[in-house]
Amino acid sequence: MINPKVEDILNAQINKEFYSAYLYLAMSAYFDEIGLKGFSNWTKVQAKEEMDHGMILFDYVIERDGNVDLRQIEAPVKNFNDPLQVFEMIYEHEKSVTESIECVATLSEDECDMATRHFINWYISEQVEEEANVLDVIKKIKMFGTEYPILYHIDKELMGREYKQHNYSE
Ligand code: OFO
């Protein structure tokens, strides 16, 4: 049986992961509207990864004989200005997700739930990768500029991102 406080924070994290998926889907739709198919692809692949993150937590709560509590998912932002602003927003968002993952780690340690403390390490590493991937795109946009002919080249590169299902690994 899982500790009730840990169960609660894991359920909150499930909600945050599915909110992240919603947010990336809203961004993907925006990029599609303005004709940047590669940016749209990148954010859509990210949305799928976020759903995997949510599902790994979902399965973990069940495996620990806990209760999954699916909470209302907030509507994501709909108005975006330009690709740089969107990626800066993503970076801020991912930093806040990193903080909430770190809170799961801290709480599980405080509650002596070492199984969850161990489990959440996968997410800690995943957040390092996510923040780095976003920063990489931000740097490229800043380095090459925000003019459309240049964005077109970055767009082609982002088209190459492929979805691979994320599975939990020890
Ligand atoms: Fe699930 O890592 Fe982004 O939000």
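Select His53 and display its surroundings: apart from neighbours within four places in sequence, His53 is in contact (heavy atoms within 4.5 Å) with Glu17, Trp122, Tyr123, Glu126, Glu130 and His166. The model is predicted, so local features need pLDDT of at least 70 and side-chain atom pairs pLDDT 80 or more, while totals for chains, interfaces and linings use all residues. Numbering starts from 1 along each chain as its sequence is written, and side-chain values use heavy atoms, with hydrogens and water left out.

Stay on His53 and colour by secondary structure. His53 belongs to helix 2, residues 37-63; helices here are DSSP runs of H or I with at least four residues, and strands are E runs of at least two, numbered from the N terminus. Is His53 buried or exposed? The relative accessible area of His53 is 0%, which makes the residue buried (buried is under 20%, exposed over 50%, partly exposed in between, with a 1.4 Å probe and protein chains only).

**The whole chain**

Zoom out to the cartoon. The chain has six helices and zero strands, in the order α-α-α-α-α-α from the N terminus. The radius of gyration is 17 Å, close to the 15 Å of the globule rule for 170 residues, so the chain is as compact as a globular protein of that length. That radius is taken over C-alpha atoms, and the rule is 2.2 Å times the number of residues to the power 0.38. Along the principal axes, the C-alpha trace spans about 55 × 25 × 25 Å. Of the 170 residues, 47% count as buried. Among contacts between residues at least 6 apart in sequence, 82% join residues at least 24 apart.

**Helix 3 and its partners**

Select residues 83-110 and 121-144, which are helix 3 and helix 5. Their axes are 9 Å apart and the packing angle is about 165° (axes are lines fitted to C-alpha atoms over the stretch in contact, and angles between N-to-C directions run from 0 to 180 degrees). Helix 3 and helix 5 are therefore roughly antiparallel, the term for angles over 145 degrees; under 35 is roughly parallel, 65 to 115 roughly perpendicular and the rest oblique. To show this contact, select residues including Phe87, Ile90, Tyr91, Val97 and Ile101 of helix 3, with Ile124, Val134, Leu135, Ile138 and Ile141 among those of helix 5. By class, the contact has 15 nonpolar, two polar and six charged residues. Nonpolar covers Ala, Val, Leu, Ile, Met, Phe, Trp, Tyr, Cys and Pro; charged covers Asp, Glu, Lys and Arg; the others, Gly among them, are polar.

Pick Ile90, in helix 3. At 1% relative accessibility, Ile90 is buried. Leaving aside neighbours within four places in sequence, Ile90 is in contact with Tyr24, Met27, Trp42, Thr43 and Val134.

Next, bring up helix 1, residues 4-33. Its axis comes within 10 Å of the axis of helix 3, crossing at roughly 170°. That makes helix 1 roughly antiparallel to helix 3. The contact of helix 1 with helix 3 has 19 nonpolar, five polar and four charged residues.

**Two loops**

Select Asp65, in the loop between helix 2 and helix 3. Phi of Asp65 is near 60°, a positive value in a residue other than glycine. Asp65 counts as exposed, at 52% relative accessibility.

Finish at Cys112, in the loop between helix 3 and helix 4 (114-119). Cys112 is not a glycine, but its phi is positive, about 60°. With a relative accessible area of 62%, Cys112 is exposed.
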